[in-house]
Amino acid sequence: MKYNYALVRPPGENYIQALSSTNQSKDVDLEKLFWQHQQYCQVLNELGLTIIKLPVELKYPDGCFVEDAGVIYGDSALVTIPGALSRKGEGKNIYKVLKYFKKIKKMVQPATMDGGDVIITPDKVFIGLSSRTNLAGVEQFEALLKEEGLPKVIGVPVMRGLHLKTSASYIGGNTMVASLVITKKYFDGFNLVTVSEEESYGANCLNVNGVILVAKGYRSAVKGIKAKGFEVVELEMSEFKKADGSITCLSLLF
Ligand code: CIR
């Protein structure tokens, strides 16, 4: 799919309070963090995208992870209700902008969903049932996006890691990159790039207009993706990783 825009929101100094399963956000090097975000935007820009940069959200330490606040599908943008209490409301300023491009649809309680749980492929949409995304979220996703001609929706229990996309991503050309923490049966029929459990973080990657962005230092992911014929750009993500953030979380592409 050809993307024209990337909506991003840089992290702020409050990022040291971002949620982290490893309690490492407080150790983040803010200078490095800001630089890594800048590099991310620069690469997207070089790949032909216009960057729409929202102001830093001082109320939301996790505000840079814009992917979780919504899902863009066809002509619609679905406003999710993020699963973590401290993140509820992060979508507000995002949709003030997206409404100029897309039809806005809103989830209602008791649904919760983080966009990081949604893997969209041409014939199936996989949705992680995680600590952030519940069954009501999946049902509302289906109902709200029905008019976009949504393909089959499949719920996948997330047993390890924060989101489904923490350990798997679809990169186009019927190719799924998945870490061994995910049961492979869900991805029968895809060309699989399997990533070792230790390198799970490298399984979160993003196809931007034909080039695959992968976190720097995850050799098995890079090797596997290149072997399928894709071009790869590696990005330094160390400071985002400390708060469980990965490549896809930092933008909404359309
Ligand atoms: C959180 O726990 O919600 C954030 N610290 C990380 C969110 C990462 N988002 C993503 O993978 N889509």
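Guide: Cysteine 41 is buried, with a relative accessible area of 5%, where buried means under 20% relative accessible area with a 1.4 Å probe on protein chains only. A search of the whole structure gives 0 disulfides, a disulfide being a pair of cysteine sulfur atoms within 2.5 Å. Cysteine 41 accordingly has no such partner, and the nearest cysteine sulfur, that of cysteine 64, lies 11 Å away. Cysteine 205 is also buried, at 2% relative accessibility, and its sulfur is too far for a bond, because the closest cysteine sulfur, in cysteine 249, is 12 Å from it.

This is a predicted model, in which local features need pLDDT of at least 70 and side-chain atom pairs count only at pLDDT 80 or more, while totals for chains, interfaces and linings use all residues. Residues are numbered from 1 along each chain as its sequence is written, and side-chain values use heavy atoms, with hydrogens and water left out.

Cys249 is also among the residues that line the largest cavity, together with others including Asp62, Arg87 and His163; a cavity is a set of points, on a 1 Å grid over the protein atoms alone, where a 1.4 Å probe fits but cannot get out, and lining residues have an atom within 4 Å of a point. This cavity has a volume of about 90 Å³, volume being the space filled by probe spheres set on the points, which are joined across faces, edges and corners. The second largest cavity, of about 50 Å³, has Cys249 in its lining too, with Glu67, Lys165 and Asn204 among the other residues there.

Definitions and conventions
Buried < 20%, exposed > 50% of the residue type's maximum accessible area, 1.4 Å probe, protein only. 1 Å grid on protein atoms, 1.4 Å probe; cavity = no way out; pocket = protein on both sides within 12 Å on 5 of 7 lines; lining within 4 Å.
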